[in-house]
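This report describes some of the contacts that hold parts of a protein chain against one another.

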Amino acid sequence: EHYPVHLSREQDQSESEEPEFESMVGSWTAAFDAGLTISDLEVYVRHFCPTQQGFSPAAAKSLADEGSKIWRAFGSSPSASSSSRYSPSSSSLTACLLVDEETLGMVSADPSRAASALVWALMRQALRHSKGFEQGTFVVHGPGVEEVFLALLPHTYDRNSSHFRKTVIWLTSEDVQRFPFGASAVDVEARALKGSSHVGLDINVDGSRDLPAGKQHVVLGRIRQHDGSVAVYMKPEEHGFDLTAGKMSEAALHAASY
């Protein structure tokens, strides 16, 4: 089942003193199948998250704070407008940057931590609305969400997924133009030519950047909404699905979990 949750700025400000990323995200949908829903972050961590490696409610809060900061930074960037695109006529390489280098650095410095932080920011909002879940998917739309996906893209690998098959958006040459020339642009171009849509990022449990409920992978992609707008889905999963040499055992565990 899918449970739409519409969030307003007034709601967020009354519930929390710190500014939240909903200032740039109009709404999101949490789809979940957990039989038990939790509304408190500390209870959620102690109930669902393995703590053997030292992960704690304080660590979850720290990640959620970082994630909120990233969502806000991308949402307020000049390129967050859907009409903002790279112009080939521009002589400046910075014209094709998604956002400023400082904001991109929030992701590239530690992509796994950034991805976990983004998920924890979403989970904290779900918990505040008594929609916390163990198994589920976030669908986020609003200014900057596509830029978040593209910033994570160079740090991910292509993978198959059964989710949103009819609405997933494939990488194109236009996406390549949105990266400055360099290793990232070359990688994105190669993936666009090969065919790329769903991507994944493995995040090992280490007590500092753990995903909710002890998950060890995030699958994400861009999807086309009914109104033509672009949204990004993020789904924490038990295991990754990297089919390259040396990673087949993890992919086998992923398949066994379904």
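In this predicted model, Glu146 is buried, because its relative accessibility of 12% falls under the 20% cut-off. Its partner in a salt bridge is Arg222, and the closest N and O atoms of the two are 2.8 Å apart. Arg222 is buried as well, with a relative accessible area of 1%.

Arg178 sits in the loop between α7 (173-176) and α8 (183-194), so the pair joins parts that are 31 residues apart in sequence. Arg178 counts as buried at 5% relative accessibility, and Glu147 counts as buried at 3%.

Which residues are linked in a network of salt bridges? The network consists of Glu146, Glu147, Asp175, Arg178 and Arg222.

A further salt bridge connects the side chains of Lys194 and Asp158, at 3.7 Å from N to O. Here helix α8, which holds Lys194, is linked to strand β4 (residues 157-158), which holds Asp158; the two residues are 36 apart in the chain. Lys194 counts as exposed, at 63% relative accessibility, while Asp158 counts as partly exposed, at 22%. The structure contains 16 salt bridges, and the table lists some of them.

| Salt bridge | N to O distance |
|---|---|
| Arg222 and Glu146 | 2.8 Å |
| Lys194 and Asp158 | 3.7 Å |

The other topic is helix packing. Two packed helices are described by the angle between their axes and by the distance between those axes. For helix α3 (residues 57-75) and helix α5 (residues 111-128), the angle is about 95° and the axes are 7 Å apart. The two helices are therefore roughly perpendicular to each other, since angles of 65 to 115 degrees count as such.

The residues of α3 in this contact include Ala60, Leu63, Ala64, Ile70 and Trp71. Among those they meet in α5 are Arg113, Ala117, Leu118, Trp120 and Leu122. Sorted by type, the residues of the contact comprise 11 nonpolar, 4 polar and 5 charged.

Notes: Residues are numbered from 1 along each chain as its sequence is written. This is a predicted model: local features need pLDDT of at least 70, side-chain atom pairs count only at pLDDT 80 or more; totals for chains, interfaces and linings use all residues. Side-chain values use heavy atoms; hydrogens and water are left out. Axes are lines fitted to C-alpha atoms, for helices over the stretch in contact, and angles run from 0 to 180 degrees between N-to-C directions. Helices (H or I, at least four residues) and strands (E, at least two) are DSSP runs, numbered from the N terminus. Angles under 35 degrees count as roughly parallel, over 145 as roughly antiparallel, 65 to 115 as roughly perpendicular and the rest as oblique. Contact means heavy atoms within 4.5 Å. Ala, Val, Leu, Ile, Met, Phe, Trp, Tyr, Cys and Pro count as nonpolar, Asp, Glu, Lys and Arg as charged, and the others, Gly among them, as polar. A salt bridge is a side-chain nitrogen of Lys or Arg within 4 Å of a carboxyl oxygen of Asp or Glu. Buried means under 20% relative accessible area, exposed over 50%, partly exposed in between (1.4 Å probe, protein chains only).
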